Amino acid sequence: MKYIFALAAALSLSSPAAAQDAPVIKARTMVKTADGVRVGFIDRVNANAEGAPTSVQIIYKGRFVSIPAATLSNGEKGLVTSLTAADLNKL
């Protein structure tokens, strides 16, 4: 019984921590690639019916690219995508 309470307490503490680690995805936020290449600023955030971001649009090398929100994470100054510059050139 004591283990159930400990498990419940551990799970309740991990949920807010995970929510704090979720990236804040909003327009005008800088995005870089995992290999350090500057992609640009988010121009538009696309969301699903529940309002959760699904992708972002950025002008990259003179054209709009759509980057999946699942690839974004918090960086030092803005967001970092797990995509590489080579991946972005294929989009």
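Colleague: What is the bridge partner of V31 in β2?

Modeller: In this predicted model, V31 has G40 as its bridge partner in β2.

Colleague: How many bridges join β1 to β2, and which way do the two strands run?

Modeller: β1 and β2, the latter covering residues 38-47, are antiparallel and are joined by three bridges. Their hairpin has four residues between the strands, and G36 takes a positive phi near 90 degrees there.

Colleague: Which residue takes a positive phi in the hairpin of β2 and β3?

Modeller: That residue is G51, with phi near 95 degrees, in a hairpin that has five residues between the strands.

Colleague: And β3 with β4: how many bridges there?

Modeller: β3 is joined to β4, residues 63-68, by six bridges, and the two strands run antiparallel. V56 stands opposite I67 in β4. The hairpin of β3 and β4 has two residues between the strands.

Colleague: What is the strand order of the sheet as a whole?

Modeller: The sheet is open and has six strands in the order β4-β3-β2-β1-β6-β5, with mixed pairing. At its edges are β4 and β5, the latter at 72-75, and each of these pairs on one side only. Neighbouring strands of the sheet are turned against each other by 40 degrees on average, with direction ignored.

Colleague: What holds paired strands together in general?

Modeller: Strands of a sheet pair through backbone hydrogen bonds, and the pairing is either parallel or antiparallel.

Colleague: Back to Q57. Which residues is Q57 in contact with, leaving aside neighbours within four places in sequence?

Modeller: Q57, which is found in strand β3, is in contact with F41, I42, D43, R44, N46, F64 and V65.

Colleague: How far apart are Q57 and A27 in space?

Modeller: Their C-alpha atoms are 9.1 Å apart, while 30 residues separate Q57 and A27 in sequence.

Colleague: A change of topic: where is T29, and is T29 buried or exposed?

Modeller: T29 is placed in the loop between α1 (2-21) and β1 (30-33). T29 counts as buried because its relative accessibility is 12%, and the cut-off for buried is under 20%.

Colleague: What does T29 touch, not counting residues up to four places away in sequence?

Modeller: T29 touches G40, F41, I42, G78 and L79. Among them is G40, the bridge partner of V31.

Colleague: Is R28 buried or exposed?

Modeller: R28 also lies in the loop between α1 and β1. R28 is exposed, because its relative accessible area of 72% meets the cut-off of over 50%. Its phi is near 70 degrees, a positive value in a residue other than glycine.

Colleague: Last item: what is the phi of K61, and where is the residue placed?

Modeller: K61 has a phi near 55 degrees, which is a positive value in a residue other than glycine. K61 is placed in the loop between β3 and β4.

Colleague: Is K61 buried or exposed?

Modeller: K61 is exposed, with a relative accessible area of 63%.

How values were computed
Residues numbered from 1 in each chain as written. Predicted model: local features only at pLDDT ≥ 70, side-chain atom pairs only at ≥ 80, totals over all residues. Heavy atoms only, no water. Buried < 20%, exposed > 50% of the residue type's maximum accessible area, 1.4 Å probe, protein only. Contact = heavy atoms within 4.5 Å. Pairing = 2+ DSSP bridges. Axes fitted to C-alpha atoms, helices over the stretch in contact; angles between N-to-C directions.
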